[in-house]
Amino acid sequence: MCNLYGDPANARLLCGAVPGASAAYTALNSRPLFLDGGADIVYIGSMTERGQAMAARALAPYRGGISECVDGGVRFLVTGNALEVFGRYIDCEDGSRIECLGLFDVYAKRDVARRYNGLYLGNYGEIEIVGFTSRFSHLYGDEDGALFETIRGVGRRPGERAEGLRRVNFMASYVLGPLLITNPLFAKELLRDMGAGVTELPFERAAMDAYNARLREFRNPKTGFDYGG
Amino acid sequence: MSSVRFLIALWAGKLTRALLRALGRNATYLPGVVALKLCPDFLARVGRPDLIIAVTGTNGKTTVCNLIVELLTACGISALDNRLGSNTAPGIAASLLTGCELSGKCRRRAAVFETDERSSRRLFPFIKPNYVVITNLFRDSIMRNAHPEYIAGIIEGALPTETKLILNGDDLIAACVAPENARAYFGAARLESDVTQCVNIINDMRLCPKCGGELTYEYRRYHHIGRAHCDGCGFRSPEPEYEAAAIDLAARAMTVREGGGEYRYDLISDSLFNAYNELTAIAVMRELGYEHRRIREALDGVSVLRSRYNEERAGGVTVIMQMAKDRNALACSRAFDYISSRPGEKEIILMMNNLHDSKNWSENVCWLYDCDFEFLNRPEITRIVATGPRARDYYYRLLLAGVPEERLRCTDDEREAPSRLEYRSGESVYILYGTDAIKLAYSVRDEAKRLAEVALS
């Protein structure tokens with residue numbers, strides 16, 4: 001279900017980079033496998049707006065266990081609108097509200113009549129992050145921990161430099177690309193933090209060529225960042 | 001007052017059209033812009049033909065529209081259309097004002113409009129089509145269309161209740177639109193090549209639209225196209241009123257089953273996608289009451305638009321231009337699947353580059369990872385040249401798809417791409433280009449033909 005905007009390629013890249021790695025998928029109405037331990041990383045990607053409601057509903061019974069995992073240092077990578085499922089709620093344009101897991105003190109405001117599309121350039125420590133955002137919602141609230149610091153583009157919401165969410169090893173970002181594909185340096189850092197023993201990504205030279213070309217474009221002040229709806 | 005405003009808008013639109021035509025322009029967009037600017041409810045007020053057929057969907061709507069217009073023409077009906085113009089509100093306004101008198105009264109009996117899915121909310125409530133055809137609903141531009149469920153919601157919200165739907169019954173996303181509207185389904189019976197497990201990256205109909213349980217596919221053609229049912233609640237794909245069977249792409253023939261009868265048709269091309277397009281047009285003509293014999297006769301001589309696909313010989317090589325909509329993972333996946341299924345050795349130039357974006361922006365490349373580049377990992381595809389502004393992204397994606405590095409080349413300059421091919425006698429060279437690169441693609445094709453002749457002379 002979490003399969004929009006090329007995001008599953010993030011998981012495929014991780015599996016391809018680590019010899020012997022395998023992925024286990026949890027179906028919508030099943031108990032999440034990671035709650036029983038054994039996962040080196042939990043990945044959740046972009047989904048439809050109806051999918052967000054279904055995911056929030058399906059995960060609600062496991063909220064306590066998921067919270068323990070997040071606070072206990074289980075590594076999560078969450079991309080696109082999946083991050084909103086971990087906030088308090090999503091307010092929709094029709095006045096309805098989708099209650100979410102409430103693990104982070106943020107909430108989303110959605111308007112499906114207004115799609116925001118833009119480029120993203122930010123920092124993860126010393127690493128420059130490039131990617132895209134394409135979404136119906138923005139994130140509001142007081143949560144401190146951000147994943148990226150925005151250089152150009154929109155962070156959690158327009159005018160906000162903080163992008164995404166970070167707590168212990170939980171990392172969440174609106175940035176699409178797919179994130180690990182368009183950011184080989186970030187992918188390597190993640191694998192290093194996971195202790196995967198990977199010194200080089202598959203086809204790293206080609207990945208870096210594409211990354212550097214994009215970085216040049218995104219650093220160029222003449223490149224437009226806000227594509228509109 | 002509003003009537004006066006409408007007439008002023010109509011005349012201004014007609015005047016704009018006359019001026020543009022005098023300058024040798026098509027006048028298929030700007031007159032509509034002028035009319036809508038002066039009278040925002042122009043579409044609701046302008047005279048409309050008694051019969052309006054709107055064709056929407058992710059892929060195939062242009063071809064289906066062309067087919068319907070040609071079939072109607074062959075049957076003696078000159079329908080208004082927007083084939084040369086935009087498929088949004090201004091394009092359709094321009095077409096309607098062309099077809100009406102200075103009073104605003106419509107002179108034509110019928111209209112066939114290709115309609116952009118997202119524009120349906122600005123169109124359907126006003127032009128009130130008698131029929132809306134949905135060819136299919138797949139992922140399209142991530143930025144514009146988000147995902148098919150979103151698009152289905154827009155179309156559903158725009159449909160007048162009296163409109164009859166003609167739907168692809170093999171596409172459960174399209175088939176489930178506006179269940180309260182009258183409808184007819186078309187579909188294709190199981191093919192030998194069908195599978196049960198999805199081999200594509202995009203698979204957007206996994207869960208039952210009624211109960212959310214997992215769907216079981218009895219067979220699957222590609223992506224979510226096929227027949228499925230839900231073991232949980234009994235939901236299942238609809239039975240098509242118009243069913244293509246015995247599709248033989250090599251012999252270019254199919255049979256259409258309807259109401260217990262079987263009717264033989266020649267196919268307009270050797271691709272399954274165009275077999276669907278043809279079946280869709282046949283379903284529309286049947287809904288309009290035309291006999292199969294009449295439709296079959298009318299289909300004689302109809303071909304697929306040449307700007308989207310054409311092939312020419314040069315030296316001992318066949319050079320093929322094939323449009324593959326950029327930003328559209330589905331369209332490109334279908335093109336890759338088609339090419340990989342063709343016999344013989346091939347070389348490919350990939351130049352679907354959203355050239356318009358690259359002028360001021362940078363293309364969102366997420367769609368490359370929804371797209372089945374894996375189809376290009378075949379030994380008969382001896383070389384692939386990634387070219388244009390996104391050449392490096394294509395190159396990396398092809399490597400991740402498993403294509404051996406020695407078969408790949410990469411160059412920023414599209415015009416240089418033909419020089420990176422090998423040109424073997426008997427092979428095919430495919431040039432896959434985007435919607436805004438037609439002129440450039442022709443120039444690349446001419447260079448490829450020249451080099452093929454030099455290499456094999």
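Student: In which sense do strands β1 and β4 of chain B pair?

Tutor: Keep in mind that this is a predicted model. Strand β1(B) covers residues 51-56 and β4(B) covers residues 131-134, and four bridges link them. Within this pair, A54(B) stands opposite V132(B). The sense of the pairing is parallel.

Student: Which strands stand at the edges of the sheet in chain B?

Tutor: Nine strands form this open sheet, with mixed pairing, in the order β2-β3-β1-β4-β5-β6-β9-β10-β11. An edge strand has a single partner, so one of its sides is left without a neighbour in the sheet.

Student: At about what angle does helix α4 of chain B run to β3(B)?

Tutor: Helix α4(B), residues 61-74, lies across β1, β2, β3 and β4 of chain B. Its angle to β3(B), residues 110-114, is about 165°.

Student: Is α6(A) roughly parallel or roughly antiparallel to α14(B)?

Tutor: The axes of α6(A), residues 204-219, and α14(B), residues 391-400, come within 9 Å and cross at roughly 155°. Angles over 145 degrees count as roughly antiparallel. Therefore α6(A) and α14(B) are roughly antiparallel.

Student: How many nonpolar residues does the contact of α6(A) with α14(B) have?

Tutor: Nice one to finish on! From α6(A) come A206(A), A207(A), D209(A), A210(A) and A213(A), while α14(B) brings R392(B), D393(B), Y395(B), Y396(B) and L399(B). By class, three are charged and none polar, and the number of nonpolar residues is seven.

Conventions. Residues numbered from 1 in each chain as written. Chains lettered and ligands numbered in written order. Predicted model: local features only at pLDDT ≥ 70, side-chain atom pairs only at ≥ 80, totals over all residues. Pairing = 2+ DSSP bridges. Helix = DSSP H or I, 4+ residues; strand = E, 2+ residues; numbered from the N terminus. Contact = placed C-beta atoms within 7 Å. Axes fitted to C-alpha atoms, helices over the stretch in contact; angles between N-to-C directions. Parallel < 35°, antiparallel > 145°, perpendicular 65-115°, else oblique. Nonpolar A, V, L, I, M, F, W, Y, C, P; charged D, E, K, R; others polar.
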